[in-house]
Amino acid sequence: MRLGNWLALFVALVLAAEIARLTRQRALRRERWRRFFKHRTTSWGLGILAFLAIVALAAPLVAPFGPGDQLGIVDLRNHPPSWAFVLGTDVLSRDVWSRVAWGARVSLGIGALGALVAVSLGTLVGATAGYYSRWVDALLMRGVDVGLALPRIFILLMAVALWDGLPFAALVLAIGLTSWLGTSRLVRAEVLSLREREFVVAARALGAKTGRVIFRHVLPNAAAPIIVSAALGVGNVLLLEASLSFLGIGVAPPDPSWGSIIAEGASTIYTAPWTILFPGLAISLVVMSLNAVADGLRDALDPREEAA
Amino acid sequence: MTGTEGPALLRVRDLKTYFVTEQGKGTARAVDDVSFDLYPGETLGIVGESGCGKTVTSLSILRLVPEPPGHILPGSVIEFEGRNLLALAAPELRAVRGNQIAMIFQEPMTSLNPVFTVGDQIAEAAIVHQHLSRKAARARAIEMLQLVGIPDPKERVDHYPHQLSGGMRQRVMIAMALVCHPKVLIADEPTTALDVTIQAQILELLDRLQNELGMAVLLITHDLGVVAGHADRVVVMYAGRVVETAPTSGLFEQPTHPYTEGLLAAVPRIDAPRSRLHAIPGQVPAATAWPTGCRFHPRCPYAWDKCVTQEPPQLETGAPGHTARCWLVTEPERRQAKR
């Protein structure tokens, strides 16, 4: 680590703390967002997520080396953490901190995009099933039942076999397309009850098209559970990506993702535990932070807490 | 206001709206053969107790009855300016909804979308039908808020429904309905959920707007007091049928159908000595099994054997524009005998 890297890291930390503090300060002005910050963990979660996001974006600044740089295959293999290599090096003499920082891009990217695909699709299917009900509902929901009955890893393995090494976009799609089932059930249940509400009839009486009724009147009222499931979904997708990479069918080898770093470090777990400890820690931190934020969102967005 | 001369604006003929109930219980004939006319500029009151088909009638006009389980039977006619609404394709129907015929609902608490500002909701119809820009629509919303008598419209336009009182919300509902200056306003029990002083204000507001905008109002209510003060003509419904149609004054002076008589007798009077309130014995029968003959006969004090077997048609009572579905019209002496 050079001085510049430490400086960049320090700036990232300060920036993340400042983001958490500012959001909190602004939020406290409104009742709803006051509930968001009711738990201390929410602020921490937000800060940690902000920090990791900044690290991902600023990877070239905070990481002293490239993610694939082999620094000295003879004398720098499995080097324990030191001032020069804060998180140590792996069996191929690559700097673990650099790989974790660059890996944040891949892992967080797949997490966010995969969850986006999953939640969008789940919302669309759930809203369609719930609003039209009858045979549309029956058809879509039986489809979801079948989807939930199939083991996801198995489907993904088949996709990988067909593709022969997944490009990033295909991986995101594959993960997104297999993760929307839960969301669709949640949204359907919500829409089923919302469609009977009087303001939906009122919107139809106003001459609004079905699409407008669904997207402007029904779904915004179901926003709370959708947002919460999105926040939790990012964590789930991240874990799925990690397990896929661990199985060797996720992100292709030279590129680092937190899952693939763990996979490659698994063989040296006794001699160089730092190679899997730190990426593992990063995954756990993100998932825990997301859960904390989702909890806060649930409290903040629950209309039952709103004074009428 | 205007009389009943000239062509009707809205003509409802033989309207039948049935609901298929859960297995084995048969079909609920909620609205069964309802006919009435609504003329330009008039207020037509539809009265009847709960479950007699008032709301289903109003929902049928804009085809808002949930299908399934409900369906409007073929042969029913709802003609608006000469076009049968029941035969319109979806886009044409949408062009009528909210634009030519608008509706306000019973519950101002639940009829407004909780996640949008009232301004957005009022502007919606203007954006949908008149393709106004967001900015123009917002100006329009402020104008409408002013029209329905909400103080500080510029500030209120950005408020959410939960920040307004019940009466204010009903005013917002009215503003939403009137934004496109519809020719017909269907008001389904617009004041039931409000307290009495607010009720009076809302009804006065409706009267004023009707005069200013020249629309026809279909006022659905169970409150005869509301009808007396605000309707030009009245349609009395019972068990899915129209049992009596008359100008308001005619109905109150000379109620012909025993059901109407019973309804009027049930209204507490401020100028009479206090006594037990009159009640019509029994309850509205289930819509899956209407009685044979005249549907009111099991509760009717005058009923005789003819009423059990034969249902009377709409009979002219002699007074202009006054019809009743009752055999007493043909045999008035039976009414005297009972008294």
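Residues are numbered from 1 along each chain as its sequence is written, and chains are lettered from A in the order in which they are written. Because the model is predicted, local features need pLDDT of at least 70 and side-chain atom pairs count only at pLDDT 80 or more, whereas totals for chains, interfaces and linings use all residues. The pLDDT is the predictor's confidence in each residue, from 0 to 100. For chain B its mean is 83, with 97% of the residues at 70 or more. The complex receives an ipTM of 0.77 and a pTM of 0.76 from the predictor.

Helices are DSSP runs (H or I, at least four residues), numbered from the N terminus. In chain A, H5 (residues 96-132) packs with H14 (residues 274-301) at about 30 degrees, their axes being 10 Å apart; axes are lines fitted to C-alpha atoms over the stretch in contact, and angles run from 0 to 180 degrees between N-to-C directions. H5(A) and H14(A) are therefore roughly parallel (angles under 35 degrees).

Residues are in contact if their C-beta atoms, placed from the backbone, lie within 7 Å. On this basis, A:Val96, A:Val100 and A:Gly103 of H5(A) meet residues of H14(A) including A:Trp274 and A:Phe278.

Between the chains, 22 residues of chain B contact 17 residues of chain A. On the side of chain B that touches chain A, the helices below each supply at least two residues, and H3(B) gives the most, with 4 residues.

| Helix of chain B | Residues |
|---|---|
| H2(B) | 90-96 |
| H3(B) | 118-130 |

Conventions. Angles under 35 degrees count as roughly parallel, over 145 as roughly antiparallel, 65 to 115 as roughly perpendicular and the rest as oblique. Two residues are in contact if their C-beta atoms, placed from the backbone, lie within 7 Å.
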